[in-house]
Amino acid sequence: MIEVRSLTKYYGDFPAVEDISFDVKKGEILGFLGPNGSGKTTTMRILTGYLPPSSGTARIAGYDVVDHSLDARRHIGYLPETVPLYTDMTVRDYLDFQGTLRGMDQARRRKRIDEVVGVCRLGEYRDSHIGKLSKGYRQRVGLAQALLHEPDVLILDEPTIGIDPRQVVETRQLIKSFGGDHTVVISSHILPEVSMVCERVLIINEGQVVAIDRPENLSNRLGGTERIHLEVRGPVKEVMGVLRGMKGVQEVTNEGGDSLARYTVECRPGRDLRAEMAEALVSRGWGLLGLQAAGMSLEEIFLKLTTEDQA
Amino acid sequence: MRNTMAIAKREVRTYFTSPIAYVVTAVFLVVTGYFFAADLLTRQMANLRGFLSPGSFVLLLVTPLLTMRLFAEEQKLGTLELLLTNPVRDIEVVMGKYLGSLFTLLVMLVLTLYYPLLLRMFGDPDLGPILTGYLGLFLLGSAMIAVGLLASSVTANQIVAAVLGLGILILLWVVGSVGTAGALGSLLDYVALPRHFTDFTLGVIDTKSVVYYLSVAAAFVFLTARSLEMRRWR
Ligand SMILES: Nc1ncnc2c1ncn2[C@@H]1O[C@H](COP(=O)(O)OP(=O)(O)O)[C@@H](O)[C@H]1O
Ligand SMILES: [Mg+2]
C-alpha cells in the first residue's frame with residue numbers, strides 16, 4: 001500500500017531524510033520511532049504530498065506522490081503534528097468542508113460525519129467552535145477529519161503528543177482499531193507507545209533508518225533493555241557479589257562507598273528481579289534505601305542500535 | 001470548481017466572523033463618504049465623481065488589509081498543510097481564496113450604493129457614468145486583490161504581506177507618472193493602474209481597459225499559484 005524507495009530530502013544543504021526505503025502492507029500499522037529532529041515529520045510530509053522529495057520515490061496505493069499527487073492524496077487521511085484546524089469553524093462545518101474537498105457528495109458527508117463523530121466520541125461537541133475545544137478534543141477532530149473519507153492510508157504524526165494520559169490511552173486504542181481497514185503510519189518518540197500499537201516499528205535517527213522490525217524482535221535484539229537502580233548502605237564488594245550472583249543479571253556498576261552506594265543493574269528482559277533483589281539485600285542486614293526500575297532511554301537504544309550495526 | 005467554491009465560501013465566512021471585513025468596510029465607507037459629501041457640497045453636481053476618483057485610491061489602501069491574511073495566516077497557523085494535502089489543485093485553492101476576497105469587496109462596494117441613491121433622491125444624475133464607474137471600481141479592485149493575494153502567499157507574516165501588497169500597488173499606481181518619453185514612457189503609462197480607470201468614470205467602457213484589469217488579475221493569480229508551488233520546493 002505504501003512503497004518508499006531511497007527517499008531523500010534536503011533543506012538547503014541539510015539532509016533531513018537520507019535514503020529511506022520501506023514498505024507497508026495493506027492493513028498494517030507501522031510505527032515511526034525517532035527522537036525529535038530525526039526526520040519523521042519530513043518523511044510524512046513527503047508521503048502526503050506536502051513536500052516534494054529531493055530524490056527517491058514514494059507510492060501510495062500505487063500512485064507516485066509527485067507524478068500522481070492528486071490520486072495519491074485521495075487515498076490518504078493525514079493528521080499533522082500540530083493539529084492545524086480552522087478554529088473559527090464548528091466541528092460539523094469543518095468536517096463538511098474537508099469532506100467536500102475530498103470529493104464526497106452531501107449525503108455521504110452527512111453519513112460519514114455522523115460516523116466519525118461517533119468513533120472519535122465528539123458527539124456533544126459537534127456544533128462547538130473548534131477554537132473552544134481542549135487540546136485533547138482538537139486531536140479527536142483531527143483524527144475525525146483524517147478518517148472522514150475512509151482513506152486506505154492513515155498518516156498520523158505524533159497523534160498522542162500533548163494530550164492528557166487518559167486520552168492517550170483512548171487514542172491508542174482507537175488507532176489500534178484502525179488497523180485492518182486502514183494502512184496506518186504513526187510517528188512517536190516514545191518506544192512503549194509504538195510497541196503497544198504497531199505491528200512493525202521503523203526506527204529513524206538523523207534522517208536514516210536504524211532498524212525496521214517487529215517490536216518483540218527489536219527488544220530481543222536490544223538485549224538487556226531492563227535496568228534497575230539501587231541505593232544500598234553496606235559493604236560494596238559484597239553487595240556487588242550478591243547482585244552479580246543473581247540469575248538474569250548481566251552487569252552491575254556502582255559509585256559511592258560503604259556508607260551509601262548507588263548501583264545500576266542491567267538484567268535480561270522478561271523477569272522482574274526487584275522483589276528478589278530487595279529480599280536478598282535486606283536479609284543480609286544491609287540498608288536498602290532506594291530501588292527503581294528503568295527502561296532504556298530512546299537515546300541509548302539508538303546508540304546501541306547504531307553501534308551494533310557498525311560492529 | 002466545487003473545491004474552489006467550497007474554499008471561497010469558507011473565506012467569506014472567515015471574513016465576516018472576524019472584525020477585519022467590518023473594520024475595512026467601515027473605514028472605506030467613512031473616508032469615501034467624506035469625499036462624496038465634500039464634493040457634493042462644493043460642486044453641487046449630481047454625479048459620482050466625488051466618490052469614484054478618491055474611492056479608487058482608498059481602495060488601493062484597503063485591499064492589502066483585506067488580502068493580507070489569505071495565505072499568510074494559514075502558513076503561520078499551519079492550516080495550509082492540511083489544506084494543501086487534500087486532493088485539490090493549487091490553482092483551486094488560489095482561485096477559492098481570490099473569489100472569497102472578491103466577494104467581500106463586492107459587498108463593500110454594494111454598501112456604497114447609497115451614494116447614487118442619494119443623488120437619485122435629490123437630483124437627476126446620469127446613470128451611465130455611475131454604472132460604468134462601479135464596473136471600473138470592481139475591475140480595479142479585482143486587479144488589486146490579485147496583487148494582495150500574491151503578497152500574502154510569500155510570507156507567514158500578515159503585516160509583511162500587507163506592506164508588500166501596498167508597495168506593489170503604489171508602484172503600479174505611480175509608474176505612469178514619471179514622465180519618461182518615448183516607447184518606455186507609453187509602456188509605463190499603459191501599465192499604470194489609475195490611467196485605465198478615468199474612462200470608466202466618464203461613462204466609457206474601453207475594451208482595452210477591461211482587458212488590462214483582467215490581465216493584471218489573471219497574471220497575479222497565476223503568479224500566486226506558482227508561488228505556492230515554489231514554497232513546496234524550497
Ligand atoms: N522547513 C524546514 N527547513 C529547514 N529545516 C527543517 C525544516 N523542517 C525540518 N527541518 C529540520 O529537519 C530535521 C528533521 O525534522 P523533522 O522531520 O521535523 O523531525 P521530527 O519530526 O522527527 O522531529 C530537523 O533537524 C529539523 O530542524
Ligand atoms: Mg515531528
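Me: Which residues form the nonpolar patch on the surface of chain B, and how do I read such a patch?

Reply: A nonpolar patch joins Val, Leu, Ile, Met, Phe, Trp or Tyr side chains within 5 Å, using residues with over 30% relative accessible area and no salt bridge (a side-chain nitrogen of Lys or Arg within 4 Å of a carboxyl oxygen of Asp or Glu). Here it's B:Val23, B:Val27, B:Val30, B:Val31, B:Tyr34 and B:Phe35, with about 560 Å² of accessible area together; such areas use the Shrake-Rupley method with a 1.4 Å probe, and for residues only the protein chains shown count as cover. This is a predicted model, where local features need pLDDT of at least 70 and side-chain atom pairs pLDDT 80 or more, while totals for chains, interfaces and linings use all residues. Residues are numbered from 1 along each chain, chains are lettered from A and ligands numbered from 1 as written, and side-chain values use heavy atoms, without hydrogens and water.

Me: Is B:Val30 buried or exposed?

Reply: Buried means under 20% relative accessible area, exposed over 50%, and partly exposed in between (1.4 Å probe, protein chains only). B:Val30 has 59%, so it's exposed, and it sits in helix α2 (residues 19–43) of chain B. Helices (H or I, at least four residues) and strands (E, at least two) are DSSP runs, numbered from the N terminus.

Me: Which element gives the most to the shell around ligand 1?

Reply: That's α1(A), with three residues.

Me: Which polar side-chain atoms lie by an oxygen atom of ligand 1?

Reply: One belongs to A:Thr41, at 2.6 Å, and another to A:Thr42, at 2.5 Å.

Conventions:
Polar contact = N/O pair within 3.5 Å; in protein donor to acceptor, adjacent residues only side chain to side chain. Patch = residues over 30% accessible without salt bridge, like charges linked within 9 Å, V, L, I, M, F, W, Y side chains within 5 Å.
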